[in-house]
Amino acid sequence: MSVFRPLLFKNKVALVTGGATGIGKAITEELLSLGCKVVIASRKEERLKATVQELCPNSNRLRGKVCNIRKEDQINTLISSTLSELGKIDYLVNNGGGQYLSPVADIRLKGWDAVVETNLTGTFLMCKEVYGQWMRENGGVIVNIILDTSRGIPMMAHSAAARAGVDNLTKSLAVEWAANGVRLNTVAPGGFIYSPTAAANYGGRDVFEKARVGIPAKRLGTTQEVASAVCFLLSPGASFISGETLKVDGGANFFPSLDRSR
Ligand SMILES: CCC/C=C/C(=O)SCCNC(=O)CCNC(=O)[C@H](O)C(C)(C)COP(=O)([O-])OP(=O)([O-])OC[C@H]1O[C@@H](n2cnc3c(N)ncnc32)[C@H](O)[C@@H]1OP(=O)([O-])[O-]
Ligand SMILES: NC(=O)C1=CN([C@@H]2O[C@H](COP(=O)(O)OP(=O)(O)OC[C@H]3O[C@@H](n4cnc5c(N)ncnc54)[C@H](OP(=O)(O)O)[C@@H]3O)[C@@H](O)[C@H]2O)C=CC1
């Protein structure tokens with residue numbers, strides 16, 4: 001059940017990348033339950049269709065649009081078609097992204113570029129385009145999902161570097177665009193947030209289960225717990241918060257790393 005007051009969100013238009021699966025799907029569900037109209041955008045059309053069918057089969061409050069955030073022309077079309085269909089974009093959640101596990105020594109340039117383009121360049125392009133086409137004149141709120149990079153991330157160094165870039169980009173934009181009524185923040189899920197699609201990327205549930213020992217609460221975070229943080233930052237309750245990074249990690253960042261071996 002939502003912890004927010006629907007009136008604050010009613011009839012707002014939200015664009016959520018990667019909104020058909022995992023954390024993005026939980027954000028989509030939360031925003032729908034609060035009365036938003038939501039556009040979800042990602043590469044695989046069948047996932048978009050399945051989520052629209054599951055969450056909102058009999059209404060056009062949820063729309064899926066195919067978009068690869070590594071392609072500037074596709075982003076341009078995503079924003080312009082959303083604006084022509086729904087008239088505005090109040091919220092943008094840059095959630096689409098990911099990486100693969102690899103020691104740095106084995107990362108090829110093509111793989112490095114794929115991860116940086118997806119996570120850093122894709123977020124830059126989405127922010128720039130939504131600002132240029134709508135938020136510069138009308139204001140809005142942006143939340144960028146990253147990883148908690150505060151201690152580095154061995155085996156995911158390409159993604160950690162890209163996400164640290166997103167974190168810093170968010171701070172610059174929070175200052176540059178403040179006078180235009182645009183707020184931006186990042187949410188950093190640090191502990192492991194299980195969803196079937198996230199786990200499939202790592203060959204199953206195992207890698208998530210192993211992470212449990214490094215989390216003080218000895219449990220994984222849920223996609224809904226990330227969605228709540230995102231919705232708080234989108235809401236008027238966060239109207240004087242910009243350029244911040246909110247960790248959603250059950251305190252794992254403060255847990256002595258020695259305890260991780262137990
Ligand atoms: C762990 C717990 C925490 C969880 C955190 C999460 O984020 S959960 C969220 C989890 N969800 C996600 O992460 C979902 C989104 N993630 C993705 O789609 C991919 O991880 C992507 C971002 C690399 C794009 O991939 P793509 O195929 O569209 O990209 P492309 O075709 O442009 O270039 C591919 C190049 O990248 C390399 N390479 C790629 N994979 C591997 C690998 N397994 N092995 C080795 N290398 C790999 C390879 O060099 C390849 O070129 P090659 O040598 O084959 O010619
Ligand atoms: N699960 C976790 O523990 C953590 C997750 N995160 C981050 O949270 C976000 C959501 O991940 P999660 O829900 O867990 O995993 P998922 O794999 O379910 O979500 C990733 C989403 O991103 C979309 N996506 C990937 N690449 C692109 C692209 N090039 N263009 C458009 N969409 C794309 C995918 O859709 P499609 O394949 O159809 O394009 C998918 O919907 C990611 O950025 C992830 O890195 C951060 C910390 C921890």
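Reader: Which residues does Val-130 touch, leaving out those up to four places away in sequence?
Author: Val-130 touches Ile-79, Ile-89, Leu-92 and Met-135. Keep in mind that this is a predicted model.

Reader: Noted. Which residues touch the most other members of the largest nonpolar core?
Author: Ala-14, Val-130 and Val-230 do. That core has 62 residues. Helix α4, residues 109-138, gives the most to this core, with nine residues.

Reader: Where is Leu-109, then?
Author: Leu-109 is in helix α4.

Reader: Buried or exposed?
Author: Leu-109 counts as exposed, because it has 7 C-beta neighbours inside 10 Å. The cut-off for exposed is 12 or fewer.

Reader: What separates the C-alpha atoms of Leu-109 and Arg-163?
Author: 18 Å, with the two residues 54 apart along the chain.

Reader: Switching to the sheet. What is the strand order?
Author: The order is β3-β2-β1-β4-β5-β6-β7. The sheet is open, has seven strands and pairs in parallel. Its edge strands are β3 (62-66) and β7 (245-248), each pairing on one side only. From one strand to the next, the twist averages 20°.

Reader: How many bridges between β1 and β2?
Author: Five, in the parallel sense. Strand β1 covers residues 13-17 and β2 covers residues 37-42. Leu-15 has Val-39 in β2 as its bridge partner.

Reader: Which strands does helix α8 touch?
Author: Helix α8, residues 223-234, packs on the sheet and touches β4 (91-94), β5 (140-145), β6 (182-189) and β7. The direction of α8 makes about 165° with that of β6.

Reader: And where does helix α2 lie?
Author: Helix α2, residues 45-55, lies across β2 and β3. Relative to β3, α2 runs at about 180°.

Reader: Now the ligand. Which residues come nearest to ligand 2?
Author: Gly-18, Gly-22, Arg-43, Gly-96 and Gly-97, out of 30 residues around ligand 2.

Reader: Which helices each supply at least two residues of that shell around ligand 2?
Author: α1 (22-33), α4 and α6 (196-200). Helix α1 gives the most to the shell, with three residues.

Reader: How many nonpolar, polar and charged residues in the shell?
Author: The shell around ligand 2 has 10 nonpolar, 16 polar and four charged residues.

Reader: Good, that covers my list. Thanks.

Technical notes:
Residues are numbered from 1 along each chain as its sequence is written. Chains are lettered from A and ligands numbered from 1 in the order in which they are written. This is a predicted model: local features need pLDDT of at least 70, side-chain atom pairs count only at pLDDT 80 or more; totals for chains, interfaces and linings use all residues. A nonpolar core is a set of buried Ala, Val, Leu, Ile, Met, Phe, Trp, Tyr and Cys residues joined through C-beta atoms within 7 Å. A residue is buried if 20 or more other C-beta atoms lie within 10 Å of its own, exposed if 12 or fewer, and partly exposed in between; C-beta atoms are placed from the backbone. Helices (H or I, at least four residues) and strands (E, at least two) are DSSP runs, numbered from the N terminus. Two residues are in contact if their C-beta atoms, placed from the backbone, lie within 7 Å. A residue is near a molecule or strand if its C-beta atom, placed from the backbone, lies within 6 Å of it. Ala, Val, Leu, Ile, Met, Phe, Trp, Tyr, Cys and Pro count as nonpolar, Asp, Glu, Lys and Arg as charged, and the others, Gly among them, as polar. Two strands pair if DSSP finds at least two bridges between them. Axes are lines fitted to C-alpha atoms, for helices over the stretch in contact, and angles run from 0 to 180 degrees between N-to-C directions.
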